[in-house]
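The sequence and model come first.

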Amino acid sequence: RLSCAVDKVDDLLDAKAARVKMRRLMGGRSMVIVQVQLFFSASSNLFISGEIGELSNLLSLDLIGCQHLEKLPGEMSNLINLRHLLLYGCDRLGQMPIGLGNLTNLQRLDCFVAKQSGPGDLGGELAELNALNNLEGELRIVLGGRQCESSAANLQMKDKLMGFILDLTSSEENHKDVLEGLQPHAHLRHLRICGYNGESLPSWMMKHQLHCSLPNLVSILITGGYNCKVTSLCSFGRLPQLQRLCLREFNSVEYIEEDEDNAPVNEDTVSKV
């Protein structure tokens, strides 16, 4: 089996300039691969074979910087022991494999991509995130060109996530509806939204709800898209821990919600914005 045959790992990869670094864990008489990390030049093409699904003991798959990687094999759904799947810099990745939601032991997934280049382009939808409630650190979701049921991502159950980035720059969906279903857990510390083209912000931010929904926010960065029609913004002054607030390209904004008279305002935070 591949899990015991380290010399066959090269068969999983088609990358001429790739260098594979493996940390090997000795267990009895067998040698088990627990980590695969890829380094290769920017000009290299990379294809990962479905045989990677046979590495059932794999704990970490680091693909950071694999900018020519376009697809992950569906057989990755067999990596039930995987803890870390790192995809930062995989800019050509168009979708996640169907069955990724089976990897309920995942603790780090830095990027989830759900794009659709054509009608027959099928891949994992946001529902794949539903049961991945052990995720921690920062999660970036990139949407584009596909119908999505955003609430299926179940972000409110992911209490270990500290940062959430939503990239909507390529999405043709109703951005307000998408963001409505992506309310994070109250423990979230950092929120970033890119390319927002909604007509208003979601209900969990407006009508004095933000400080109740996300009371632990330290930083907020929201960038409007080319067709952003938001005319009103929520109040940010009652977020007790907010240190950084950055709003860009909201050219249609006419007013910001006023704080209620009896509500405590974080004056130190407001002065720094």
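A salt bridge is counted here when a side-chain nitrogen of Lys or Arg lies within 4 Å of a carboxyl oxygen of Asp or Glu. A search of the whole structure under this rule returns 2 salt bridges. The model is predicted, so local features need pLDDT of at least 70 and side-chain atom pairs count only at pLDDT 80 or more, while totals for chains, interfaces and linings use all residues. Residues are numbered from 1 along each chain as its sequence is written, and side-chain values use heavy atoms, with hydrogens and water left out.

**Salt bridges**

Side chains of opposite charge can pair when their charged atoms come close. The two pairs are set out below.

| Pair | N to O distance | Location |
|---|---|---|
| D167 and R140 | 3.0 Å | strand β8 (residues 161–170) and strand β7 (residues 137–144) |
| E180 and K176 | 3.3 Å | helix α1 (residues 175–180) |

Helices (H or I, at least four residues) and strands (E, at least two) are DSSP runs, numbered from the N terminus. D167 and R140 are 27 residues apart, and their pairing links distant parts of the chain. E180 and K176 are 4 residues apart, about one turn of the helix.

Burial is read from relative accessible area: buried means under 20%, exposed over 50%, and partly exposed in between (1.4 Å probe, protein chains only). D167 is buried at 10%, whereas R140 is partly exposed at 28%.

**T169 in strand β8**

Strand β8 also holds T169, which is exposed at 54% relative accessibility. The T169 side chain makes a polar contact with the side chain of D167 at 2.6 Å. A polar contact is a pair of N or O atoms within 3.5 Å; within protein, one must be able to donate a hydrogen and the other to accept it, and residues adjacent in sequence count only if both atoms are side-chain atoms. With neighbours within four places in sequence set aside, T169 is in contact (heavy atoms within 4.5 Å) with C194 and G195. C194 is buried, at 15% relative accessible area.

**S77 and the cysteines**

S77 sits in the loop between β3 (60–62) and β4 (84–86). S77 is buried, with a relative accessible area of 15%, and its side chain reaches the backbone oxygen of G74 at 3.0 Å. Beyond four places in sequence, S77 contacts I98, G99, N102 and L103.

A disulfide is a pair of cysteine sulfur atoms within 2.5 Å, and by this rule the count is 0. For C66, the nearest cysteine sulfur is that of C90, 5.0 Å away. C66 is buried, at 0% relative accessibility.

**The whole protein**

The protein has 3 helices and 13 strands. Of its 273 residues, 49% count as buried. Among contacts with a separation of 6 or more, 65% join residues 24 or more positions apart. The accessible surface, computed by the Shrake-Rupley method with a 1.4 Å probe and, for residues, with only the protein chains shown as cover, comes to about 13600 Å², of which 45% belongs to carbon and sulfur atoms.
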